[in-house]
Amino acid sequence: QDRQELEFEWLWFLNRPWQDLWLCVSNASFSGKSLSPSRWWLWQALAQSHDRKKIMVPAVTRWDLLQRESGDHVAKVRGWSSDQLKSVEFGLRYDRGDDQPLWTGVESLRLSSSSIELYGVCAFQFAAARMLKLVDDPVLDLDMDALSGGVLLHALLDRLTVEPFRADWPDDELRGLIDEVRTSEMILIGDERLWPGVREQMLKKVKGFLKFEGQWRSSHLSVSIQARELDFSGYWDRSTKQWSREVTPFEVRGRIDRVDRDSLGRYSIVDYKSTGNGLTYWKSWPKAEKVQMPLYARLVELGLTELGPGEVVAAEYFEIRDPKRQKGFYLKDKSEEYFVVEGGRNYGAIDEAQKRELFEYVDQKLESTIQSVRDGFLNPNPRDLNVCQDCSWRRLCRAPHLN
């Protein structure tokens, strides 16, 4: 898509009445990777009846010779100061993607579960969003974008789970509630004539949620909602590598969708998800660098919310499109009020030792992220190059494979 946009701009640029025009293209990127020619070259060759198999490769240029010289020699010829030479060498290392800190470190940091996971996906995406405060607002389209849909859905579920809970909302009341929440959350849509259809889609989702929630409550009478939209805030003490209520330069904060409580006062963390795409059980979280659910459980157990300390025996994803609360973790012999194995294997089962290891993973992940950001390691080095295809900042990024 980026290439198509550049080709369009290039064709627009070439519409000027040039008298003489020479165009050159590199056959390799900064990383040495071979580049395929743009379709524009083929179009021009066809239009002018050139032999497409015959190409002209220029001899070694002055630029090629300069690239083979040492930095000291170039600095001497150019009359650069030592600071100018250092700046150029730094830029070359940046373009090569050398594994060294390329940003100025920070002495304080505020993180969330999503930002910690984002750093694991790509440090430059983290830097763009969290350090540079860049915002990529969704395009106002005819349909509602995914972000706005998620905001609307979460706000609706928060309203629908207020006690006393009702599972038998009439459709007209639900439509009115959807309109009301849309207004309060300031959800925009490109064409108001399409809103009734969008509202019906949301109506179907919340009706499915209400049906499942009512049935679930009927079969789990000892469980109740303890908190909705629960804020948490904790500080990380790097000297002790422990969580603290005392203010430190490194804060972790966020909001938990829902916390349920059983008859013995034990908690279950519940996180609403529109679909089950990408959701996994706890054993996959460390490998995928997922921290959201174990972080929430960790901080609730430590009492870093208004609930105070309490044992967390389950952490569950609540899928809305095809309602179920299954994936996550369930502590063996203590989560029977939340989850009962009716046959087969319980992939979410976890014992006390495994839960401690999961919490240790969260602490280590937090410490390593803080250390890396503090040292300036915000290089564009994604865990998977496929994430670059949909990255909002790819046109700004200096990753070697994009240049």
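**View 1. Lining of the second largest pocket.** By class, this lining has 15 nonpolar, twelve polar and 14 charged residues. Ala, Val, Leu, Ile, Met, Phe, Trp, Tyr, Cys and Pro count as nonpolar, Asp, Glu, Lys and Arg as charged, and the others, Gly among them, as polar. The model is predicted: local features need pLDDT of at least 70, side-chain atom pairs count only at pLDDT 80 or more, and totals for chains, interfaces and linings use all residues. Residues are numbered from 1 along each chain as its sequence is written, and side-chain values use heavy atoms, with hydrogens and water left out.

The second largest pocket is lined by 41 residues. Ser114, Glu117, Leu147, Lys273 and Gln292 lie nearest its centre. The pocket holds about 1,500 Å³ of space. A pocket is an open set of points on a 1 Å grid over the protein atoms alone, with protein on both sides within 12 Å along at least five of seven lines; lining residues have an atom within 4 Å of a point. Grid points are joined across faces, edges and corners, and a volume is the space filled by probe spheres set on the points.

**View 2. Elements around the second largest pocket.** Helix α8 (146-160) is one of the elements that supply at least two lining residues each. The others are α6 (113-121), α7 (123-131), β2 (224-237), β4 (250-261), β5 (267-273), α11 (285-288) and α12 (292-302). The largest share, six residues, comes from α8. Helices (H or I, at least four residues) and strands (E, at least two) are DSSP runs, numbered from the N terminus.

**View 3. The largest cavity.** The structure holds one cavity of 30 Å³ or more. A cavity is a set of grid points where a 1.4 Å probe fits but cannot get out. About 70 Å³ of space lies in the largest cavity. Its lining consists of Cys122, Phe124, Gln125, Pro382, Val387, Cys388, Cys391, Arg394, Cys397 and Leu402. By class, that is eight nonpolar, one polar and one charged.

**View 4. Helix α9 against helix α10.** Helix α9 (residues 171-185) packs on helix α10 (residues 195-219) at an angle of about 115°, with the axes 10 Å apart. Axes are lines fitted to C-alpha atoms, for helices over the stretch in contact, and angles run from 0 to 180 degrees between N-to-C directions. The two helices are therefore roughly perpendicular to each other. Angles under 35 degrees count as roughly parallel, over 145 as roughly antiparallel, 65 to 115 as roughly perpendicular and the rest as oblique. The crossing is right-handed: the near helix is turned clockwise from the far one by less than a right angle. From α9, Asp171, Leu174, Arg175, Ile178, Asp179 and Arg182 take part. They meet Trp195, Arg199, Glu200, Met202, Leu203, Val206, Lys207 and Leu210 of α10. Contact means heavy atoms within 4.5 Å. The contact of α9 with α10 has seven nonpolar, no polar and seven charged residues.

**View 5. Helix α8 against helix α10.** The axes of α8 and α10 come within 11 Å and cross at roughly 45°. That makes α8 oblique to α10. This crossing, too, is right-handed. Gly149, Leu152, Leu153, Leu156, Leu157 and Leu160 of α8 touch Trp195, Met202, Val206, Phe209 and Leu210 of α10. The contact has ten nonpolar residues, one polar and no charged.

**View 6. Helix α6 against helix α7.** The axes of α6 and α7 come within 5 Å and cross at roughly 140°. Helix α6 is therefore oblique to α7. Ser114, Ser115, Leu118, Tyr119 and Val121 of α6 meet Ala123, Gln125, Phe126, Ala129 and Arg130 of α7. By class, there are six nonpolar, three polar and one charged.

**View 7. Two backbone details in loops.** A cis peptide bond joins Glu163 and Pro164, with omega about 0°. Pro164 sits in the loop between α8 and α9. Lys241 lies in the loop between β2 and β3 (242-244). Phi of Lys241 is near 55°, a positive value in a residue other than glycine.
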